[in-house]
Amino acid sequence: MTVLDAIIAGVREDLDARRADRPLSRVREDALAAAPVRPFPPAGGFGLICEVKRSSPSKGALADIPDPAALAAAYESGGAAAISVLTEARRFNGSLADLDAVRAAVDVPVLRKDFMVDEYQFHEARAHGADIVLLIVAALDDAQLIDFLALSRELGMAALVEAHTVDELARAGRAGAALVGVNTRNLKDLTVDSARFAHLAPHAPAGAVLVAESGVSGPDTVAQYAAAGARLGLVGEALVTGGDPAAAVAAFTAAGAAARP
């Protein structure tokens, strides 16, 4: 069993518990009553998706983050294009309560970052105010990918479709993905190689907005990704461990904007 398989097994167990407590019919009603979706991605330039991330499977605990709303507000003040909130509990120590807190604190779009494998989660994301959801190609078959992209559009949300290989990028393109994340982390062993972005980016679907994910250690990495075609960067660890998140967001964004072709 891969790390991804183990994470998804836990996600399904936790999902079953939430579904038993609140059936899909109720969650659909909650989603319909949610505030309107904020549009994403922004037009032109370079932007940063800034992550509220306490832990990761590869590094363990990263930061306590007792007040995710305050962290998100700092990101927004630094110029974040969107806020990503980990809601997976077992490996990332996240929650839907974190998503609620962040949504109430900022005006920029919010991404629910989780392992989306069931229709319930998409209505749940919208019910909790998400504007964007993550679809991991490696976790889905082609039919699921197509169906979940359609469901995201139906709910008004943008879908960030994450790929790790040339084959996964091709699958994302066939499914019609318009917002594509190129993750430089190998999901089998969790190693990261920032050079993978420049290798994979030319294989992305034509016309897709590219998001560089993982491996950001500072402004130089962001500039490297932007020069290779990224229009957005998704950054977590470097921001939650850096000490001054607002300043880091501003610096990273400026570096990406300056390096864009």
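I began with Asp114 and Arg112, whose side chains meet in a salt bridge at 3.4 Å, N to O. I note at once that the model is predicted.

**Entry 1: the charged cluster**

I looked up how covered the two partners are. Asp114 counts as buried, at 4% relative accessibility. Arg112 is buried too, and its relative accessible area is 0%.

I then followed Arg112 to its next partner. Its side chain also meets that of Glu124 in a salt bridge, 2.9 Å from N to O. This pair links distant parts of the chain: Arg112 is in strand S5 (residues 110-113), Glu124 is in helix H5, and they are 12 residues apart.

Is Glu124 buried or exposed? I find Glu124 buried, with a relative accessible area of 4%.

Which residue does Glu124 bridge to besides Arg112? Glu124 forms a salt bridge with Arg18, and the closest N and O atoms are 2.6 Å apart. Arg18 sits in helix H1 (residues 3-21) and Glu124 in helix H5 (residues 119-127), so this pair ties together parts 106 residues apart in sequence. Arg18 is partly exposed, with a relative accessible area of 25%.

I put the pieces together. Arg18, Arg112, Asp114 and Glu124 are linked in a network of salt bridges. For the structure as a whole, I noted a count of 14 salt bridges.

Next I went to Lys53. I found Lys53 in the loop between strand S1 (47-52) and strand S2 (55-56).

How far from Lys53 is the nearest side chain of opposite charge? That side chain is Glu51, and it is 4.1 Å away. A salt bridge needs a nitrogen and a carboxyl oxygen within 4 Å. Lys53 is buried yet has no salt bridge.

I listed what Lys53 touches, leaving out residues up to four places away in sequence. The contacts are Leu62, Ile65, Leu86, Phe92, Gly236 and Val240.

**Entry 2: the end of a helix**

I moved on to Ala175. Ala175 belongs to helix H7, which covers residues 166-175. Ala175 has a relative accessible area of 14%, and the cut-off for buried is under 20%, so Ala175 is buried.

Which residues does Ala175 touch, not counting residues up to four places away in sequence? I wrote down Leu145, Ile146 and Leu149. I also checked one C-alpha distance. Ala175 and Leu149 are 26 residues apart along the chain, and their C-alpha atoms are separated by 7.9 Å.

**Entry 3: the whole chain**

Last, I stepped back. The protein chain has 11 helices and 10 strands. Its C-alpha atoms fill a box of roughly 50 × 40 × 35 Å along the principal axes.

Why call the chain compact? For 261 residues, a compact globule would have a radius of gyration near 18 Å, and the protein chain agrees with this at 17 Å.

I noted that buried residues make up 53% of the 261 residues. The accessible surface comes to about 10,500 Å², and 53% of that surface belongs to carbon and sulfur atoms.

Among contacts between residues at least 6 apart, 69% join residues at least 24 apart.

I noted 24 positive and 33 negative side chains in the protein chain. The centres of the two sets lie 2 Å apart.

How values were computed: Residues numbered from 1 in each chain as written. Predicted model: local features only at pLDDT ≥ 70, side-chain atom pairs only at ≥ 80, totals over all residues. Heavy atoms only, no water. Helix = DSSP H or I, 4+ residues; strand = E, 2+ residues; numbered from the N terminus. Rg over C-alpha atoms; globule rule 2.2 N^0.38 Å. Buried < 20%, exposed > 50% of the residue type's maximum accessible area, 1.4 Å probe, protein only. Contact = heavy atoms within 4.5 Å. Areas by Shrake-Rupley, 256 points an atom, 1.4 Å probe, with all protein chains shown as cover. Lys, Arg positive; Asp, Glu negative; His and termini not counted. Charge placed at Lys NZ, Arg CZ, Asp CG, Glu CD.
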